[in-house]
Amino acid sequence: MQDKVKAGFSKLSKKDKLKWVAQQFADSPESAERDLTNFWLSDESLQRVFDGFSENTISNFILPYGVAPNFLINGRLYTVPMVIEESSVVAAASSAAKYWLDRGGFHTTILSTQKVGQVHFSWAGDHQLMMSVVDELREYLLRDVVHLTANMEKRGGGVTGISLLDYTHLEPEYYQLRVSFETCDSMGANFINSVLEEFGNGLERFVAEHPVFEGGPREVDIVMAILSNYTPECLVRAWVECPVADLSEGQFEKETPLFAEKFAKAVRIAHIDPYRAVTHNKGIFNGIDAVVLATANDFRAIEACGHAFAARDGQYRSLSYCTIENGIFRFWLDIPLAVGTVGGLTRLHPLAARSLEMLGNPSATELMGVIAVTGLAQNFAALRSLVTTGIQQGHMKMHLTNILNHLGAAESEMEAAFHNFSDKVITFTAVRDFIETLRKTPAADNVY
Ligand code: MEV
């Protein structure tokens, strides 16, 4: 805990900020300083780029960057970059990619690409009067932002619709301009917000000048102008399908129809029960967030939107669906994904640029497809384990490495532990006891 207010912290140099933090909070300030400094990049100009992303930076927080190869999507092979700290996720994605590689691969289609922005405002006059000018207002506002939209229009985007919504029955004097946008390959936040703020100014002028408002209030109060991260019309579908008989694999050979039924039931359960739905969708986001992060897109926006979409009929439900009809197993995911492949940090972060390069420098819609597929693959891998062997078998094997690292195990101790736990239940205590015993045992008596 901080003991007293620190004035002028933001004005300190990076080194002094780090020193202050270490002295305030660490048992051993020197070693804290060393730990935090150890993660500074040796390339100073690159470090300056990173420091520029945020404020009061004192270090870099790194996450593992993995890749999942062999994703066949719409007939093209992709290696998918994934940034995630949870063990098993990349392994699960890779295994699902491999599994579907032999069964026709993944397919995607873009259902829509519209983004949304809102100008929330108050006006104290007769609501019928306000609603009567909507067509004129629309034209007026669009004329007013040509200087902002011209470039985007050249790229095939721009403002695609403006509606005026009367919410005075819910909140006194409250109206909303709801604006839809096409932002092509950019996520478009800056473009959308600039246009919306200009719409706010235009709206004020329109009401002040238009003859219809003579005698009525001439002032509009702009409450706020901001994009909405809820983009249900920026939607992609990803799916896999094959005859039920083709699902068979190794240990599940004889039980394939049962496996397919159980799998479909697991998906239906996530449509019925929100407790299960949240965990089910969390598994989907294990894949989605990892690619969103690797391409430096906004994972908070993607999560917020995805979860709101999952509750669009009033109950939180699974984002994926599964059917078995006429012997065909079909598993799919519909998800809104407002992402960009130009602008933002997508090129500024050198590893995001490498991720996009790895994906063949995709358009935003192609990236939507790759991200949705990774979410679906993750969901497939999780459900396949859950309805067959259970999740812990694979998960704890991966987790064993983390436990061993935590215990500071040497390479030979790791090897011995992997051998020992290949057929045993893995718990932290069991692994710790094993390593302690190993360390007490004379080398000659170790028979692993
Ligand atoms: C763990 O990160 C994700 C799962 O819990 C997802 C699921 O239960 O479907 C395995």
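Predicted model: local features only at pLDDT ≥ 70, side-chain atom pairs only at ≥ 80, totals over all residues.
1. The shell is made up of Glu86, Arg276, Thr279, His280, Lys282, Gly283, Asn286, Ala382, Leu386 and Ile391. Sorted by class, three of these residues are nonpolar, four are polar and three are charged.

2. Lys282 places a side-chain N or O atom 2.6 Å from a ligand oxygen. For Arg276, a polar side-chain atom sits 2.7 Å from an oxygen atom of the ligand, and for Asn286 the corresponding distance is 2.9 Å. On its own the ligand would expose 300 Å², and the protein buries 83% of that area.

3. Which elements give two or more residues to this shell? They are helix 10 (274-294) and helix 13 (364-386). Helix 10 contributes the most, with six residues.

4. Now to helix 15, which spans residues 411-420. Its buried residues are Glu413, Met414, Ala416, Ala417 and Asn420. These lie on the same side of helix 15 because they cover an arc of only 165 degrees around the axis. As background, an α-helix has 3.6 residues a turn, so residues three or four places apart point the same way.

5. What does the face of helix 15 turned away from its buried side carry? There you will find the exposed residues Glu411, Ser412, Glu415 and His419.

Methods: Residues numbered from 1 in each chain as written. Heavy atoms only, no water. Near = heavy atom within 4 Å. Polar contact = N/O pair within 3.5 Å; in protein donor to acceptor, adjacent residues only side chain to side chain. Areas by Shrake-Rupley, 256 points an atom, 1.4 Å probe, with all protein chains shown as cover. Helix = DSSP H or I, 4+ residues; strand = E, 2+ residues; numbered from the N terminus. Nonpolar A, V, L, I, M, F, W, Y, C, P; charged D, E, K, R; others polar. Buried < 20%, exposed > 50% of the residue type's maximum accessible area, 1.4 Å probe, protein only. Arc of directions from axis to C-beta.
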